Amino acid sequence: MARAFLVVMDSVGIGGAPDAGRFFNGSVPDTGANTVAHIAQACMAGQAEHGRSGPLHLPILDALGLGAAVRLASGAATPGLGATPTGLWGAATEVSPGKDTPSGHWELAGVPVPWTWHFFPDTHPAFPERVSAAIASAAGTDGILGDCHASGTQIMDDLGAAHMRSGWPICYTSADSVLQIAAHEETFGLDRLLAVCKAVAPMLHEMKVGRVIARPFIGTADTGFTRTGNRKDFAIAPPAPVLTDWVQQAGGRVHALGKIGDIFSMQGIDELRKGSDAELMAHLADLVDTAGPGSLTFANFVEFDSGYGHRRDIAGYAAALEWFDAALGPILSRLRPDDILLLTADHGNDPSWIGSDHTRERVPVLVAGKGAGSIGHVAFVDVAASVAHHLGVPSRGPGRSFF
């Protein structure tokens with residue numbers, strides 16, 4: 001009986017979004033942003049030599065059709081990615097009015113976002129007084145720190161010591177529809193941080209803010225501050241049943257890896273496994289060996305985005321892609337005859353681009369287990385319809401299967 005493994009390579013965009021000019025990093029539109037192509041070009045030019053060297057080396061992904069998908073999506077040059085595809089490949093275009101994690105994942109799971117997200121202005125303060133007051137009340141403090149647009153790692157470095165002295169939570173946002181709350185895991189307490197985020201999330205969701213994210217960290221001003229792996233997203237629930245629900249209601253078991261449980265508020269999910277990307281790869285390998293017939297494994301590998309895209313680290317992003325590619329090969333070799341493994345992304349985050357926010361891009365669709373060939377341009381929602389079709393599950397979304 002068929003099984004499906006749906007793997008989101010967070011932020012691995014391939015350029016070419018037709019509406020990129022409507023999305024911005026600061027005052028600069030995302031027109032021309034291309035995460036994979038620009039990384040490949042930088043590697044070929046010798047501009048990504050820290051921690052790795054030479055042309056971008058992705059033999060597994062390229063054989064599945066990554067280079068071909070980039071060229072289809074945008075026409076951009078892809079030095080080092082010139083293989084003739086042996087997998088099924090194409091490029092997907094998003095219609096939801098956002099370049100954020102929930103928009104991309106919901107649409108890949110069959111439900112485009114039906115509303116316009118609320119975004120906080122790039123001002124200081126960024127948050128309405130009632131929101132700041134609600135956070136302080138939930139935290140039991142007299143106020144909050146931050147209250148602005150910021151890089152999560154930078155604001156942690158800038159305000160970590162003040163946070164430890166005052167006990168006030170660090171609150172910030174970005175170009176995404178998000179409110180992030182950072183606090184020291186030991187002096188403030190992880191359980192307390194999660195409780196604060198849970199308490200204020202309903203207010204933010206009512207405003208159509210997509211996520212409240214708990215960002216725990218450890219360290220000192222002398223040794224430096226470091227985020228821990230205990231991040232938790234309190235996301236607004238999808239407005240309709242999604243792929244995970246379709247599979248679960250048809251009797252299939254749904255395994256979620258990484259952020260998937262948070263993104264879908266555990267909707268339609270039977271088992272959740274979390275951890276670093278390396279740990280998630282081990283979980284994926286285990287589920288390829290052990291997941292039952294009719295099951296869906298839905299995974300998000302976030303570190304391309306969180307570790308390298310937002311930090312505009314081209315070499316780090318390239319190294320992460322090369323690690324992922326090398327780890328993927330043994331997993332593909334263990335797929336069963338009726339399995340598919342579908343790789344895609346939720347948006348872009350071009351590390352060569354101005355600013356530090358996501359970039360509006362098309363995304364690759366690479367499928368192992370369905371032979372070779374081009375599926376051309378497809379919609380995000382077609383991913384859900386195709387996975388459902390493969391599993392023999394009725395699709396309740398607007399997508400069409402490309403199988």
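**A first walk through a predicted protein model**

Hi everyone. Of the 403 residues in this protein, 59% count as buried, where buried means under 20% relative accessible area, exposed means over 50% and partly exposed is in between, using a 1.4 Å probe and protein chains only. Please keep in mind that this is a predicted model, in which local features need pLDDT of at least 70, side-chain atom pairs count only at pLDDT 80 or more, and totals for chains, interfaces and linings use all residues. Residues are numbered from 1 along each chain as its sequence is written, and side-chain values use heavy atoms, with hydrogens and water left out.

Let's start with the overall picture. The secondary structure comprises 13 helices and 16 strands; these are DSSP runs, with helices being H or I of at least four residues and strands being E of at least two, numbered from the N terminus. The radius of gyration is 20 Å, close to the 22 Å from the globule rule for 403 residues, so the protein is as compact as a globular protein of that length. That radius is taken over C-alpha atoms, and the rule is 2.2 Å times the number of residues to the power 0.38. Along the principal axes, the C-alpha atoms fill a box of roughly 60 × 50 × 35 Å.

What about contacts, meaning heavy atoms within 4.5 Å? Among those between residues at least 6 apart in sequence, 69% join residues at least 24 apart.

Now the charges. There are 28 positive and 41 negative side chains, and the centres of the two sets lie 5 Å apart. Here Lys and Arg count as positive, Asp and Glu as negative, and His and the chain ends are not counted. Each charge is placed at NZ of Lys, CZ of Arg, CG of Asp or CD of Glu.

On to the annotations. UniProt, in an unreviewed entry, lists residues 3-393 as "domain: Metalloenzyme"; such annotations may be inferred rather than shown by experiment, feature names are shortened, and positions follow the numbering used here. Over residues 3-393 the chain is 37% helix and 21% strand, with its end C-alpha atoms 11 Å apart.

Take Asp305, which sits in helix α11, residues 303-309. Asp305 is buried, at 5% relative accessible area. Beyond its neighbours within four places in sequence, Asp305 has contacts that include Asp10, His310, His347 and His358.

His358 is placed in the loop between β14 (339-344) and β15 (363-368). With 2% relative accessibility, His358 is buried too. Again leaving aside neighbours within four places, its partners include Lys99, Asp176, Asp305, His310 and His347.

A "binding site" annotation from the unreviewed UniProt entry also covers Asp10, Asp346 and His347. Those residues are spread over 338 residues of sequence but cluster in space, with 7.2 Å as the largest C-alpha distance.

Is Asp346 buried or exposed? At 0% relative accessibility, Asp346 counts as buried. Asp346 lies in the loop between β14 and β15. Outside the four places on either side in sequence, Asp346 touches Asp10, Thr101, Gly104, His105 and Leu108, among others.

Several of those names lead us to helix α4, residues 101-108. In α4, 8 of 8 residues are buried, including Thr101, Gly104, His105 and Leu108. After α4 comes Gly110, with a positive phi near 105 degrees.

Another stop is Ala291, in the loop between α10 (277-290) and β13 (296-301). Ala291 and Arg3 are 288 residues apart along the chain, and their C-alpha atoms are separated by 8.0 Å. Arg3 is also one of the contacts of Ala291, along with His255, Thr297 and Arg336, leaving aside neighbours within four places.

I'll finish with some backbone details. The peptide bond from His124 to Pro125 is cis, with omega near 10 degrees, and Pro125 lies in the loop between α4 and α5 (129-139). Asp147, in strand β5 (residues 145-149), has a positive phi near 60 degrees without being a glycine. Ser265 is not a glycine either, and its phi is positive at about 50 degrees. Asp147 is buried at 12% relative accessible area, whereas Ser265 is partly exposed at 34%.

Methods: Contact means heavy atoms within 4.5 Å.
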